[in-house]
Amino acid sequence: MTPADMDFPARSRAALAQPTLQRSLQGMRRMMPALRSAALAGLPDHAALRERARESRDHALEHLGHYLLEYERRVVAAGGVVHWARTAAEANDIVAGLCERAGARRVIKSKSMVTEEIRLNEALEARGLGVTETDLGEYIIQLRGERPSHILAPALHLGLAEIGATFERHHRRERRAPLTEAGEMLVEARAELRAVFQAADVGITGANFLVAETGAAVLVTNEGNADLVAALPAMHIVVTGIEKVVATLDDLGVLLRLLARSAIGESLSSYTTLVHGPRRAGDAAGPREFHVVLVDNGRSALLGTSRQEILRCIRCSACLNHCPVYTAIGGHAYGSVYSGPMGAVLTPAFEGLARTVDLPAASTLCGRCEEVCPVAIPLPRLLREWREDALRGGLTRPAERRALRLWQWLATHPVWYRFALGAVVRALRLMSVPAPGGGRRLRHLPWFGQGWFAVRDLPAPQGRTFQAQWRSREP
Ligand code: SF4
């Protein structure tokens, strides 16, 4: 993360002022919860399935070493090679080395958040390789030199006009009229990418899951581009996090039943492919070399800690789609490839809390994220833990620390607490104004909550504290 990436308040303000992003987020707030609810309503055993999903992820994480070695054994038996990368730099070096050894010039990729996390494209381009993203959203933002704003819909922040203008700028074509139709854009992107697919030397995908029982890397997409990336070039490299392993195909089945329903409100994604290794004798197609790069990059440090539970995440994006903060500011404000509640828990683990201290604070702790998470990750608790660490480590703002110290002192001195609260309640009553429907409302405060009062008001207090009212209540 750069210093600009870390300025969460400034990036949030910028996001709130972007009309296209705000329109997309409004659509997301309206559609995604309804789609998810409808899809899960068709699952009679949703609660039991969720519990099984949680258990299977926990089991794999408790025995991570065992299942990763089991997975490696299966891959090697199928003719593939597994590489272990402790850091982002190591992972990038391994992938670049494989490409160079293959004499590759052109690399195609399908969407993978891990490769975004380790900035693989930049590393490969720095070594002279041409890299093309083939997921439509990723392709668009690659042309624009941007990063994903959502883990499943990377170009969520863009409207048709911006995408059309991007294609007009980058695709060298004769045009009689501006590009405005989504269908035309799709056809054009497909035509551009077709040639890239055919010329590619190496294909790089992520993996939604790795199955230890069979050695499968599981690719889940809606566009089918990952299948072409995996099958057409002479070398296929899977780059994924070590936490993606599951024990059995049965476990995979449970997770797949929840993944697409939680993500996009569909019972299954359009393409679910299990890749097992290089082309075998007699196969009509497939890569001649198959490599899997297992990336740690901070994950194993979470094992055995109270934050291990975030490693259950299957990147479905439900917590983003339901988060009142994410759906107000979008993903770029977080300054990290992982955004929303899961990003606010994961990014401090990967980047350090000192650089990301605003992220765990960017939550109302309403609990919606935990409610919709298909693997029941206790996101609010994990966010609170980061906040406690920030406070203990002196990372919070001085004004916040002073306010908390004052609150702590008042809370342990009841006489002063009652006196201070009574004064505040009377002052708030004096500052309130009559409301049209009766009663009184607070419309602004001179020293606090300007952002809040810019768009909403509050009912005024009665003029007496709750404790005073309680004492004088009718028996
Ligand atoms: S934390 Fe849960 S809801 Fe959020 S992306 Fe991960 S699995 Fe989905």
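Two remarks on conventions come before the structure itself. Residues are numbered from 1 along each chain, as its sequence is written. Because the model is predicted, local features need pLDDT of at least 70 and side-chain atom pairs count only at pLDDT 80 or more, while totals for chains, interfaces and linings use all residues.

I begin with the overall division. The protein chain has domain 1 (43-300), domain 2 (312-398) and domain 3 (409-471); such bounds come from an automatic or database domain assignment. Between the C-alpha centres of domain 2 and domain 3 the distance is 30 Å.

Next, helix α2. Helices here are DSSP runs of H or I with at least four residues, strands are runs of E with at least two, and both are numbered from the N terminus. Helix α2 covers residues 19-41, 23 residues in total, and reaches 33 Å from its first C-alpha to its last. That is close to the expected 33 Å at 1.5 Å a residue, where the expected span is 1.5 Å times one less than the number of residues. At Met28 the helix α2 bends by about 30 degrees, the bend being the angle between axes fitted to the seven residues ending there and the seven starting there. Met28 is also among the buried residues of α2, which include Leu21, Leu25 and Met32. A residue is buried if 20 or more other C-beta atoms lie within 10 Å of its own, exposed if 12 or fewer, and partly exposed in between, with C-beta atoms placed from the backbone.

I turn to strand β10, residues 289-295. Six of the seven residues of β10 are buried. Which strands does β10 pair with in the parallel sense? Strand β1 (residues 81-85) pairs with β10 over five bridges, and strand β7 (residues 235-241) is joined to β10 by seven bridges. Two strands pair if DSSP finds at least two bridges between them. Val82 stands opposite Val292 in β10, and Val239 stands opposite Val293.

The loop between β10 and α13 (318-321) holds Asn297, and Ser317 is found in that loop as well. Asn297 has a phi near 50 degrees, positive in a residue other than glycine. Ser317, likewise not a glycine, has a positive phi of about 80 degrees.

Helix α19 (residues 379-392) contains Arg387. Arg387 counts as partly exposed because it has 18 C-beta neighbours inside 10 Å.

Finally, an open sheet of three strands has the order β11-β12-β13, with antiparallel pairing. Its edge strands, β11 (433-434) and β13 (458-459), each pair on one side only. Strand β12 (residues 440-442) pairs with β13 over two bridges, and Leu442 stands opposite Leu458 in β13.
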